[in-house]
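Please find below a short note for a reader who is new to this entry. The points go from the overall fold to one pair of side chains.

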Amino acid sequence: MSDLADSLHWIAVTLWVGALWAVGYIAAPVLFYFLDDRALAGTLAARMFTLVAYVGMACGAYLLLFRVIRQGVYSLKQWFFWITLLMLLLTLIGYFGVQPVMESLKQQSLAKEIVESAFKDRFATWHGVGNVLYLMESALGLALVLLQPKAAP
């Protein structure tokens with residue numbers, strides 16, 4: 001059972017960080033590059049980022065719970081716990097804080113494209129906030145991958 005839990009631990013890290021990087025730095029840019037309809041590209045990207053947020057919440061919760069159950073209070077003294085917690089908090093802020101504001105601004109713009117509406121500047125600001133949070137989460141995810149114990153060759 002311990003081997004399965006250990007394997008799931010590293011699968012969760014891989015899934016979370018892989019999803020962050022694949023969607024944020026490959027899929028979303030490809031959508032905006034190849035689709036002429038920026039509103040459609042934005043809608044598809046938003047749905048993918050929502051899925052990444054769900055993955056992050058599930059993986060983050062599992063990783064923190066795994067570490068606390070496995071190592072108890074000692075887990076609080078490890079970088080892995082704190083990086084994971086920070087990543088989870090960034091996910092929650094992005095999903096429950098930034099995304100609803102951006103969605104509200106889209107709705108307020110009515111049928112107009114967001115870029116043509118009076119809400120363009122506010123949307124751009126919140127989009128920038130979301131981008132910074134996502135970049136921070138992605139960099140912390142890279143730290144989780146790079147700082148994991150190395151297996152003997």
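1. Helices, as counted here, are DSSP runs of H or I with at least four residues, and strands are runs of E with at least two, numbered from the N terminus. On that basis the chain, which is a predicted model, holds four helices and zero strands. Read from the N terminus, the order of elements is α-α-α-α.

2. As to dimensions, the C-alpha trace spans about 55 × 30 × 25 Å along its principal axes. The accessible surface of the chain is about 9,500 Å², and carbon and sulfur atoms contribute 72% of that area.

3. Among contacts with a separation of 6 or more, 72% join residues 24 or more positions apart.

4. Turning to charge, there are 10 positive and 9 negative side chains in the chain. The centres of these two sets lie 8 Å apart.

5. How many salt bridges does a search of the whole structure find? The search gives one. It is formed by the side chains of Asp6 and Arg70, with an N to O distance of 2.6 Å. This pair links distant parts of the chain, since Asp6 belongs to helix H1 (residues 2-34) and Arg70 to helix H2 (residues 38-71), 64 residues apart.

Note on methods:
Residues numbered from 1 in each chain as written. Predicted model: local features only at pLDDT ≥ 70, side-chain atom pairs only at ≥ 80, totals over all residues. Heavy atoms only, no water. Contact = heavy atoms within 4.5 Å. Areas by Shrake-Rupley, 256 points an atom, 1.4 Å probe, with all protein chains shown as cover. Lys, Arg positive; Asp, Glu negative; His and termini not counted. Charge placed at Lys NZ, Arg CZ, Asp CG, Glu CD. Salt bridge = Lys/Arg side-chain N within 4 Å of Asp/Glu carboxyl O.
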